[in-house]
Amino acid sequence: MGKLFGILGIGIDIVELADIRNARFKERFAEYFLTGKEMKRVPKGSKKIEFLASRFAVKEAVIKAFPEKLKPHDFSIQKKGTHPHIVFSLKKNELLYTVHLSLSHTAHVAVATAIVLARKG
């Protein structure tokens, strides 16, 4: 894993669940920021809105915190046990950076925080 040193960025994002609920083209909206693998994990039914809102908030928080240009499809959000973590498309980013995430939601909003750390060795 290598040693970690230095916070390179902190990002936060908040999403109103009503904005997702009222989106005209939810599927197209999801395709904009979710990878193909993530699209397959979108739940059906009542959990879909919270899932999309929280994943959008995480993607935005990571992009804000990241020290290089990053697009939503450059990484995916996966679960490691009960905790979400980032898997980068580029191996280089896996070797250089570690991202710590925190996300939560209420009946009205989803919020996410990302902290990007440099990885050494």
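**Before starting**
I'm working with a predicted model, so I keep that in mind throughout.

**Entry 1: helix 2 against helix 4**
I looked up how two packed helices get described, and it comes down to the angle between their axes and the distance between the axes. I then checked helix 2, residues 26-33, and helix 4, residues 47-65. Their axes come within 10 Å and cross at roughly 30°. Angles under 35 degrees count as roughly parallel, so helix 2 is roughly parallel to helix 4. I also noted the hand of this crossing, and it's left-handed.

Which residues do the meeting? On the helix 2 side I found K26, E27, F29, A30, Y32 and F33. Across from them, helix 4 brings K48, I49, L52, R55, F56 and K59. I sorted this contact by class and got seven nonpolar and five charged residues, with no polar ones.

I picked Y32, which is found in helix 2. What does Y32 touch, once its neighbours within four places in sequence are left aside? I wrote down F56, P72 and H73. F56 was already on my list from helix 4. I also looked up Y32 and G45, which sit 13 residues apart along the chain. Their C-alpha atoms are separated by 20 Å.

**Entry 2: the largest pocket**
Next I went looking for empty space, which shows up when a probe the size of a water molecule is rolled over the atoms. The largest pocket came out at a volume of about 330 Å³. It has 14 lining residues, and the closest to its centre are K80, H85, I86, T98 and V99. Strand 3 (83-88) and strand 4 (97-105) are the elements that give two or more residues to this lining. By class, I have seven nonpolar, four polar and three charged residues there.

**Entry 3: the second largest pocket**
I put the volume of this one down as about 280 Å³. It is lined by 14 residues, and S54, R55, K79, L103 and H105 are the closest to its centre. Which elements give two or more residues to the lining? I found helix 4, strand 3 and strand 4. The lining of this pocket splits into four nonpolar, six polar and four charged residues.

Notes:
Residues are numbered from 1 along each chain as its sequence is written. This is a predicted model: local features need pLDDT of at least 70, side-chain atom pairs count only at pLDDT 80 or more; totals for chains, interfaces and linings use all residues. Side-chain values use heavy atoms; hydrogens and water are left out. Axes are lines fitted to C-alpha atoms, for helices over the stretch in contact, and angles run from 0 to 180 degrees between N-to-C directions. Helices (H or I, at least four residues) and strands (E, at least two) are DSSP runs, numbered from the N terminus. Angles under 35 degrees count as roughly parallel, over 145 as roughly antiparallel, 65 to 115 as roughly perpendicular and the rest as oblique. A crossing is left-handed if the near helix is turned anticlockwise from the far one by less than a right angle, and right-handed if clockwise. Contact means heavy atoms within 4.5 Å. Ala, Val, Leu, Ile, Met, Phe, Trp, Tyr, Cys and Pro count as nonpolar, Asp, Glu, Lys and Arg as charged, and the others, Gly among them, as polar. On a 1 Å grid over the protein atoms alone, a cavity is a set of points where a 1.4 Å probe fits but cannot get out, and a pocket is an open set with protein on both sides within 12 Å along at least five of seven lines; lining residues have an atom within 4 Å of a point. Grid points are joined across faces, edges and corners, and a volume is the space filled by probe spheres set on the points.
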